[in-house]
Amino acid sequence: MLHRSAIAPIAVAAMLAAAAPGVQAQGAFPDWSGQWIRVPDGGVPRYDPTKPIRKQEAPLKPEYQARFEASMRDQDVGGQGLDMAYSCRPPGMPRMMSGVAPMEFLLSAGVTHILFDRNDYAPRRIYTDGRGWPKIGPDEATFPGYSIGKWIDKDGDGRYDELLVETRHVRNPRTWDQSGMPMADDDEGVIKERLFLDKDKPGVLHNEMTTIDGSLTRPWTVTKSYRRMQKVWWGENNCVEGQRWVTIGKEVYFLSGDDTIMPAKGSRRRI
């Protein structure tokens with residue numbers, strides 16, 4: 001039994017937490033525990049998982065379509081195109097939610113964290129404490145962006161069913177996927193997400209994502225899905241380890257097996 005002197009601080013802390021403006025109640029969250037990977041597991045991660053990476057049918061504006069095609073031509077002769085992931089540059093939103101790395105969700109009353117099993121992916125912080133949008137300058141934008149969310153109890157049973165998220169202030173440069181399909185050169189894009197468990201498969205989490213971006217002629221909506229792993233193992237995925245790419249000016253080289261520098265172009269690759 002707790003001593004009376006110990007009960008008082010606990011009660012005060014509980015009252016303060018309940019009185020905090022905008023903070024949603026603890027204990028009403030869905031079970032998003034564990035490790036999540038993308039569905040389908042195979043293939044290259046991409047914005048629309050239902051279409052091949054080079055046939056995403058993105059509603060690109062003509063100038064961005066031309067840059068996308070140039071990126072693919074460069075990759076076909078061994079270059080990197082517009083994809084900077086080879087240099088360990090973080091991909092940012094929305095690409096980081098394509099299931100490149102296993103994820104973990106940490107839910108709390110004021111903020112939801114999404115952690116990634118990659119050292120070049122910063123954690124996402126989704127604030128659910130009722131705050132408004134802060135004033136952020138272009139130099140303060142980050143690759144994960146700034147996210148504000150709201151938990152929804154759709155059926156009124158006292159337990160949240162879905163998390164609505166809006167993300168802004170994402171740092172450039174960004175691409176939709178490793179094809180180098182470019183996003184807008186500004187940081188005015190907005191990503192909206194609706195995350196919820198599958199009604200019939202509690203081990204599947206859906207992410208209905210709509211991106212509004214200056215590279216597009218209209219908003220682009222897709223549904224990404226993640227599967228909860230039965231056997232969890234958190235390894236180490238350090239992008240800088242084994243990094244064999246060298247950039248000199250605008251040309252990219254790589255260290256061959258005998259540690260000599262070779263030009264990337266000419267070693268044809270295709271995704």
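Guide: We may begin with Ala-101, which touches Trp-36, Asp-117 and Arg-118, not counting residues up to four places away in sequence; contact means heavy atoms within 4.5 Å. This is a predicted model, in which local features need pLDDT of at least 70 and side-chain atom pairs count only at pLDDT 80 or more, while totals for chains, interfaces and linings use all residues. Residues are numbered from 1 along each chain as its sequence is written, and side-chain values use heavy atoms, with hydrogens and water left out.

Visitor: Where is Ala-101 found?

Guide: Ala-101 sits in the loop between α2 and β2. Helices (H or I, at least four residues) and strands (E, at least two) are DSSP runs, numbered from the N terminus.

Visitor: Is Ala-101 buried or exposed?

Guide: Ala-101 is buried, its relative accessible area being 5%. Buried means under 20% relative accessible area, exposed over 50%, and partly exposed in between (1.4 Å probe, protein chains only).

Visitor: How far apart are Ala-101 and Tyr-121 in space?

Guide: From C-alpha to C-alpha, Ala-101 and Tyr-121 are 8.8 Å apart, and they are 20 residues apart in sequence.

Visitor: You mentioned Trp-36. Is Trp-36 buried or exposed?

Guide: Trp-36 counts as buried, at 0% relative accessibility.

Visitor: How many aromatic pairs does the structure hold?

Guide: There are 12 aromatic pairs in the structure. Rings of Phe, Tyr and Trp (its six-membered ring) pair if their centres lie within 6.5 Å; planes under 30 degrees apart count as stacked, over 60 as edge-to-face and the rest as tilted. The rings of Trp-36 and Phe-105 have centres 6.5 Å apart and planes at 85 degrees, so this pair is edge-to-face. It links distant parts of the chain, with Trp-36 in strand β1 (residues 36-39) and Phe-105 in strand β2, 69 residues apart. Phe-105 also counts as buried, at 6% relative accessibility.

Visitor: Which residues do ring pairs link into a cluster?

Guide: The cluster linked by ring pairs consists of Phe-29, Trp-32, Trp-36, Phe-105, Trp-151 and Tyr-160.

Visitor: Let us change topic. How many residues has the largest nonpolar core?

Guide: The largest nonpolar core has 36 residues, and those with the most contacts inside it are Leu-60, Met-97, Met-103, Phe-105, Trp-176 and Trp-220. Among the elements that each supply at least two residues of this core are α2 (62-76), β2 (103-107), β6 (162-168) and β7 (190-197). A nonpolar core is a set of buried Ala, Val, Leu, Ile, Met, Phe, Trp, Tyr and Cys residues joined through side-chain atoms within 4.5 Å. In soluble globular proteins, nonpolar side chains tend to be buried together.

Visitor: What is Trp-176 in contact with?

Guide: Leaving aside neighbours within four places in sequence, Trp-176 has contacts that include Tyr-47, Leu-60, Pro-94, Met-181 and Trp-220.

Visitor: And the helix α2: which of its residues are buried?

Guide: In α2, the buried residues are Tyr-64, Phe-68, Ser-71, Met-72, Asp-74, Gln-75 and Asp-76. Gly-78 follows α2 and has a positive phi, near 100 degrees.

Visitor: What about β6? How many of its residues are buried?

Guide: Five of the seven residues of β6 are buried, and the strand is mostly covered. Strand β5 (residues 146-152) pairs with β6 in the antiparallel sense over seven bridges; two strands pair if DSSP finds at least two bridges between them. Lys-150 stands opposite Leu-164 in β6. On the pairing with β7, six bridges join β6 to that strand, and the two run antiparallel. Thr-167 has Ile-191 in β7 as its bridge partner.

Visitor: Now the charged residues. How many salt bridges are there?

Guide: The count comes to 13 salt bridges, a salt bridge being a side-chain nitrogen of Lys or Arg within 4 Å of a carboxyl oxygen of Asp or Glu. In one of them, Glu-162 joins Arg-194, the closest N and O atoms being 2.9 Å apart. Glu-162 lies in strand β6 and Arg-194 in strand β7, so the pair ties together parts that are 32 residues apart in sequence.

Visitor: Is Glu-162 buried or exposed?

Guide: Glu-162 counts as buried, at 7% relative accessibility, whereas Arg-194 is partly exposed at 21%.

Visitor: Which residues are linked with Glu-162 in a network of salt bridges?

Guide: Lys-154, Arg-194 and Glu-208 are linked with Glu-162 in that network. Lys-154 is exposed, with a relative accessible area of 58%.
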